[in-house]
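Notebook open, viewer open. I'm jotting down what I look up, one topic at a time.

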Amino acid sequence: MDNFELICPAGTPAALRAAVDAGADAVYLGFRDETNARNFPGLNFTRQDVADAVDYAHARRVEVYIAINTYPQAGNLGPWQKAVDDAARLKVDAVIMADPGLLAYAAKHHPDLRLHLSVQASAANVEAIRLYRDAFGVRRVVLPRVLTVPEIAKLNAEIDIETEVFVFGGLCPMAEGRCSLSSYATGLSPNKQGVCSPANHVRYEQRGGALASTLGGFTINVFGEGEQAGYPTLCKGRFVATGAGEGSGPAYLFEEPTSLNAMDLLPELKAAGVRALKIEGRQRGKAYIAAVVRAYREALETFAAGRPVPHIDLQAMVEGGTQTTGAYTRAWR
Amino acid sequence: MRDPDVRDPDVAPTVFTPDALASRERARRFETGLSRAGLGLMPRLGRRASDVLLARLLRLLADRHPRAFEALREMADARVLIEPVDAPVALLMRVGPDLSLHAVPRGANGVGGGAVGGLGEAGVADAVVRGPYARLLDLLEGRIDGDALFFRRELTISGDTALILALRNTLDGEEEMDLVADAASIAGPLARVLPVLRRNAGPVLDRIEAARRLLPPPLRRGIERVEARLAGVLPGNSPETGA
Ligand code: SF4
């Protein structure tokens, strides 16, 4: 049985080495600008960093993918096209993209460059995926985190390109590439500027023993003393619904602070025909990368050997102190 | 597909037995306590002498980690206060072209009390990171993930979040730093003692621990009080009163 491929994040060269050494099959990363969806201060790779990363990874038979997965600004295609040209020049193994115009550019100018469809394209049905395959030669689609495992199985039965799914890390509860919550509060979004809830719009305040997080001046959550905290994104904010009954306090509306962990679903994902498993977290430290990649490598080796997947404790790494299998098993859908 | 036999040839797998791990853990705790006590001595040296020592440490770190330090110099001029809640001293780091590091004494209520500014002669910090000394050291050395610490509420940050993120990401992008060894190497004779100390600290501490378990409880508590004082956690300066 072919094992899953394990696709791991890296926000810095040290994180890339940690991922490679811990057992990644491929590492995905981004350039140091708005062309990718983790455009955070102090993060990401210069062109030289990418060249070094490719050398390091290829010497150890690990692949490197570059995410160029934001949508170019109208009238300013330059940085995005240059990112594609540089990715090809630097001999990365695949580029992960969402914008149809950019996919067309890559397919035309770099026919040998392997194209993966980013989760940011939110292609969740057979017709959309076939369109990307036929029009641009996309070879793999990263599925949005809105599908159940049976839906993934059904999809895989009808398409002939590889699928990659997220198995661990931060969650976008909305359809990726379509969420504008961050834009409402800050004017900036992951889809165009590459960052949801940009740090320069985030402030934390201690209110007695409580921790308040604000985004663009709006208080979006208050964590009580001892309560585990989460990222300052609106999708995981607490709100008071208009018309809610007397005395009903703020509550989570969309999603609670939680992290995806689908390690228990390896048999189901295999049966559903999934080719590659992806770990989220280019913004996380190298200690997270090393721990999570090592845990998943161990789980995959055990699974491939036909033994039951062990329970590996990753609780210390998760947002809000809770883990979920997300939409994969979500009963209410 | 990755061939499982082709792992990093430079990295020999290290296997630790649970006992060895616990021993290493204790040695690390000892080292952390030692370095915290060293930091606690800074104010007694006087401002000028401690500035000279910290400038030397910074130069040494810049030589060992040129990529990160170049990035720190390229940042806009700003000050970050790194405030261990269980040590008598905080560190004020200025990033940007005038990169520098200063020790700032924490008053009974903490230098900034977790808020931005309020540093007296040290000026105003644009951002503050607070947490237990051991956690801050782990974070600076890249041994632990900052987001995880933040989720678990072991770390509080205030002020310019982007500045803290930039600093964290820049330092985390380095290979693991060894701040304790680097700090020891600017402190003269300690540099020669540290490797020996490290090799022996685990087993020696294990023996002390075993002996301590045999002591009558009042004596044991007395020893713990002395240790706490040595490590700089003086009564009345606990994390709670510093908040
Ligand atoms: S607000 Fe939430 S769902 Fe929307 S982009 Fe940000 S993290 Fe994703």
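This is a predicted model: local features need pLDDT of at least 70, side-chain atom pairs count only at pLDDT 80 or more; totals for chains, interfaces and linings use all residues.

**Helix α3, chain A.** I started by asking which residues of α3(A) are buried.

Next I looked at how the nonpolar residues group. In soluble globular proteins, nonpolar side chains tend to be buried together. Here the largest nonpolar core has 95 residues, and the members touching the most others are A:I68, A:L277 and A:I279. α9(A) gives this core its largest share, nine residues. A second, separate core has 51 residues, among them B:M75, B:A78, B:L155 and B:L171.

I then listed what A:I279 touches, skipping residues up to four places away in sequence. The list includes A:L6, A:I7, A:C8 and A:P9, then A:Y28, A:V167 and A:F168, and also A:Y288, A:V292, A:V293 and A:Y296.

**A:E280.** I moved on to A:E280, in the loop between β14 (276-279) and α9 (286-304) of chain A. Is A:E280 buried or exposed? It has 5% relative accessibility, so it counts as buried. For side-chain partners I found A:R38, with a polar contact of 2.7 Å, and A:Q283, with one of 3.1 Å. Leaving out neighbours within four places in sequence, A:E280 is in contact with residues including A:P9, A:Y28, A:R145, A:F166, A:G170 and A:Y288.

**Salt bridges.** How many salt bridges does the structure hold over all chains? The count is 34. I looked up three of them.

- A:E5 and A:R140 meet through their side chains at 3.2 Å, N to O. The pair links distant parts of the chain, strand β1 (residues 5-9) and strand β6 (residues 140-142), 135 residues apart. Both A:E5 and A:R140 are buried.
- A:E164 and A:K278 form a salt bridge with the closest N and O atoms 3.2 Å apart. A:E164 sits in strand β7 (residues 162-169) and A:K278 in strand β14, 114 residues apart. A:E164 has 0% relative accessibility, so it counts as buried, and A:K278 counts as buried at 4%.
- A:R47 and A:D33 meet at 3.9 Å, N to O. A:R47 is in helix α2, while A:D33 is in the loop between β2 (26-29) and α2, 14 residues apart. A:R47 is partly exposed at a relative accessible area of 24%, whereas A:D33 is buried at 17%.

Key: Residues are numbered from 1 along each chain as its sequence is written. Chains are lettered from A and ligands numbered from 1 in the order in which they are written. Side-chain values use heavy atoms; hydrogens and water are left out. Helices (H or I, at least four residues) and strands (E, at least two) are DSSP runs, numbered from the N terminus. Buried means under 20% relative accessible area, exposed over 50%, partly exposed in between (1.4 Å probe, protein chains only). A polar contact is a pair of N or O atoms within 3.5 Å; within protein, one must be able to donate a hydrogen and the other to accept it, and residues adjacent in sequence count only if both atoms are side-chain atoms. Contact means heavy atoms within 4.5 Å. A nonpolar core is a set of buried Ala, Val, Leu, Ile, Met, Phe, Trp, Tyr and Cys residues joined through side-chain atoms within 4.5 Å. A salt bridge is a side-chain nitrogen of Lys or Arg within 4 Å of a carboxyl oxygen of Asp or Glu.
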